[in-house]
Amino acid sequence: MGDETAEIARVVVEAAPGVEKIPAAERVYAYVKAAILDRVYPGGELLTEGELATAVGVSRTPVREALLRLEESGLVKLYPKKGALVLPVLPQEINDVLEARELIETHAAAKVWPRRKQLIERLSARVDEMRAHRKAGDTKSFLEADRAFHEAIVGAAGNEILAKLYNSLRDRQVRMGVPGIEMEPSRMDRSIVDHQEMIDALGGNSVKRFRELVVAHIDSAAADLRGIR
């Protein structure tokens, strides 16, 4: 979801000091986005402007602005005078998101290869976090560390447009994957192995091997997600 948006959502939910300094539309956007990704608002639920305005403590105007952004992100569909429908996750969306992920990540893998040594330490720290969260049984934090691993690679490729697109894809994937990992913790173990293998490949001399591991990891995620459905 992005560290900044997640922090804004936390501040809004907790009514923490300084919340009034955050623009109203940004507060609504962060609050609703976090609730959708965490499945507080499940697919198929109709959200009304009035309910959201009350929940966040703002007028309806910033709610409309926030819902327009969420519609652009593919999380809701707006219906005039009715509200916003939280879009359910469909099998085709799983296919589309993972296909787009593969295109972006394999491109990034090739772009970062000449400066791969600089990435190893940062990626190793993310895998260490994944191991710690797996041991603690903290699924949500595990997924955040997983996501940070991949975002580091895509970000290092240096294309801000692709990085933003990738971030939106991972937002959409969050809704698809959490329940399955909670039900099947062994997926976390396999994921840790996959990520360590990618790091090991970065220490080697074959970009082809690195790209193959990236594709294999995404293919494994696709198989798991399709199994959930």
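Predicted model: local features only at pLDDT ≥ 70, side-chain atom pairs only at ≥ 80, totals over all residues.
**Fold**

I started with the secondary structure. I counted ten helices and three strands in the protein. Then I read along the sequence and wrote down the order as α-α-β-α-α-β-β-α-α-α-α-α-α.

**Contacts**

I looked up how far apart in sequence the contacting residues lie. I took contacts between residues at least 6 apart in sequence, and 70% of them join residues at least 24 apart.

**Burial and surface**

I checked burial next. The protein has 229 residues, and 43% of them are buried. I also looked up the accessible area. The protein exposes about 11800 Å². Carbon and sulfur atoms supply 53% of that area.

**Positive phi**

I turned to the backbone. Most residues other than glycine have a negative phi. I noted two residues against that background.

Arg39 came up with phi near 65°, a positive value in a residue other than glycine. I placed Arg39 in the loop between helix H2 (24-37) and strand S1 (46-47).

I located Lys81 in the loop between strand S2 (76-79) and strand S3 (83-86). Its relative accessibility is 92%. The cut-off for exposed is over 50%, so Lys81 counts as exposed.

**Recap**

I have two loop entries on file: Arg39 between H2 and S1, and Lys81 between S2 and S3.

Conventions:
Residues numbered from 1 in each chain as written. Heavy atoms only, no water. Helix = DSSP H or I, 4+ residues; strand = E, 2+ residues; numbered from the N terminus. Buried < 20%, exposed > 50% of the residue type's maximum accessible area, 1.4 Å probe, protein only. Contact = heavy atoms within 4.5 Å. Areas by Shrake-Rupley, 256 points an atom, 1.4 Å probe, with all protein chains shown as cover.
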